Amino acid sequence: MCQCYDEIFGHFPPCRLPAFPPADRTIDLMNNEQLFDEMWGHDSTLRDAYANFNNWLEVEEPARLRKKQTEAERLFRLSGITFNVYGKDEKENENERLIPFDIIPRIISAREWSRLSTGIEQRVRAINAFLHDIYHRQEIVRSGRLPIELLTHNEAFLPKMIGVSPPGNVYTHIVGIDLIRTGPDEFFVLEDNARTPSGVSYMLENRATMLHMFPELFSQNRVQTVLNYPRQLYRSLAKCTPAQTDNQPTVAVLTPGTYNSAYYEHSFLADKMGVELVEGHDLRVVNGRVAMRTTRGYKAIDVLYRRVDDDFIDPLNFCSDSTLGVAGILDVYRAGGITIANAPGTGIADDKAIYSYMPEIIEFYTGEKPLLKNVPTWRCNEPESLSYVLENLADLVVKEVHGSGGYGMLIGPTSSKRELAHFRKKLKANPGKYIAQPMLSLSTVPTFTRAGLAPRHVDLRPFVLVSPRGVDITPGGLTRVALKKGSVVVNSSQGGGTKDTWVLED
């Protein structure tokens, strides 16, 4: 047996995995402090949630684990679990990539999850209340808590949704809340995904793959299931039908098509729910209803889970040259003839400038202090904040207000002087396009590398279903991992991978 070396905290207890190279260290770029490792404490004590897993790990042969890691990659490739990267290569087959999967699970205790899920539910309820308010009386603006400019100058705010009340007053039927961890009880919300959150198919495939390869682990550990998500998604959507629905509701998934980066997920969820996967050309408005083409003619749809952005969903009301949506669907929606999940206009809640007001939003609509923290945020459209950001650019993370996927951002501590100078010009030219945040020390979890287990940074995206009957949070969610040593960018488009996320039973 060797004595494994943790890149952050020193030596682990004895195990049979290869030792970590002492030079391969992960450091806190901001504070030069020890990072929080979710498996091992600073004194090399094993955290309780990992006790059973570590007992299994200590007797595992490294060769078997390497074989299993290769097998996992083969299973993912056979299943077609890929995503597309735009603007990278001209050849289509080079744009399609296999999302990396790591076989070492991330484990969360029941106590930790209970605290997290309570905070997530509070946040999601506040987001729904906020969306209803801004498209109706705008009480939060009247109170002075939110500047009206954040709505009037925001492309994600849809004036056509003013006065529209979705069935059950549910705007965000499916939500993904991105979380990072910095300590034993320190969780921060990094961003909210209320428009068309993706990644749930990877969560499900990760678990199915682990169950297939390591069934003994699930007999030794009481892990809460995630595999009932498709059934829960269907039931949640079915509870959001328009008032005129009489019988069993008809649900469908609207996809932009095979060239979309998340097409695999669209087809996966439609298949698992047992509903039709449709494109814009399959749909039309018939007798005041949105209907899909079938072998027996057109059939009315009650609930449409759309994975098409607002701008392209209706060429009569938005982009006139769009071929991805349905002409007149917004008029049917406004008349109460169909439920669209998520509702048009929910993208305002994804806005990173709005994010900076989330503590005030939560307190305004719930009367409670936020249970989950926001990352401190400087709004660059404010002169004092811009001045601070420009002076401290090398220590900050700067993001586009409407950015996603890790694109268009600057990570100050890892950027060159040339990159900082270039970004400083961009900030001065268009400050309202950006927000800035301190670079928090993301927690690490053990990850399988060629040299053995090594700590890598992770975030977490739990998935939330909302219906008139309540909020349902899938235990765990999608853990994204920065596979490159020292990297804190977990996005798959930027070289990140995924892990199975375990939430233990009590």
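**Charges and cysteines in the chain**

K239 sits in the loop that runs between helix 9 (229-238) and strand 8 (251-254). The model is a predicted one. The relative accessibility of K239 is 38%, so this lysine counts as partly exposed. Together with R231, R235 and R469, K239 forms a positive surface patch.

Next come the salt bridges. The structure holds 25 of them. In one of them, the side chains of R106 and E38 meet, with 2.7 Å from N to O. This pair links distant parts of the chain, as R106 belongs to strand 5 (residues 101-108) and E38 to the loop between strand 2 (10-15) and helix 1 (51-58), 68 residues apart. Are these two residues buried or exposed? R106 has a relative accessibility of 2% and therefore counts as buried. E38 counts as buried because its relative accessibility is 3%.

Another salt bridge joins E191 and K352, whose closest N and O atoms are 3.9 Å apart. Here too the pair links distant parts of the chain: E191 is in strand 7 (residues 186-193), K352 is in helix 12 (residues 352-355), and 161 residues separate them. With a relative accessible area of 17%, E191 is buried, the cut-off for buried being under 20%. K352 is buried as well, with a relative accessible area of 7%. Salt bridges can also share partners, and in this way E38, R106, E112 and R181 are joined into one network.

A further salt bridge lies within a helix. E121 pairs with R125, and their closest N and O atoms are 2.9 Å apart. How far along helix 4 are E121 and R125 from each other? They are four residues apart in helix 4 (residues 110-134), so about one helical turn separates them. E121 is partly exposed, with a relative accessible area of 28%. R125 also counts as partly exposed, at 45% relative accessibility.

The last topic is cysteine. How many disulfides does a search of the whole structure find? The search finds zero. A disulfide would need a pair of cysteine sulfur atoms within 2.5 Å. Two of the cysteines can be described by their accessibility. C240 counts as buried because its relative accessibility is 1%. C319 has a relative accessibility of 27%, so this cysteine counts as partly exposed.

How values were computed
Residues numbered from 1 in each chain as written. Predicted model: local features only at pLDDT ≥ 70, side-chain atom pairs only at ≥ 80, totals over all residues. Heavy atoms only, no water. Patch = residues over 30% accessible without salt bridge, like charges linked within 9 Å, V, L, I, M, F, W, Y side chains within 5 Å. Areas by Shrake-Rupley, 256 points an atom, 1.4 Å probe, with all protein chains shown as cover. Salt bridge = Lys/Arg side-chain N within 4 Å of Asp/Glu carboxyl O. Lys, Arg positive; Asp, Glu negative; His and termini not counted. Charge placed at Lys NZ, Arg CZ, Asp CG, Glu CD. Helix = DSSP H or I, 4+ residues; strand = E, 2+ residues; numbered from the N terminus. Buried < 20%, exposed > 50% of the residue type's maximum accessible area, 1.4 Å probe, protein only.
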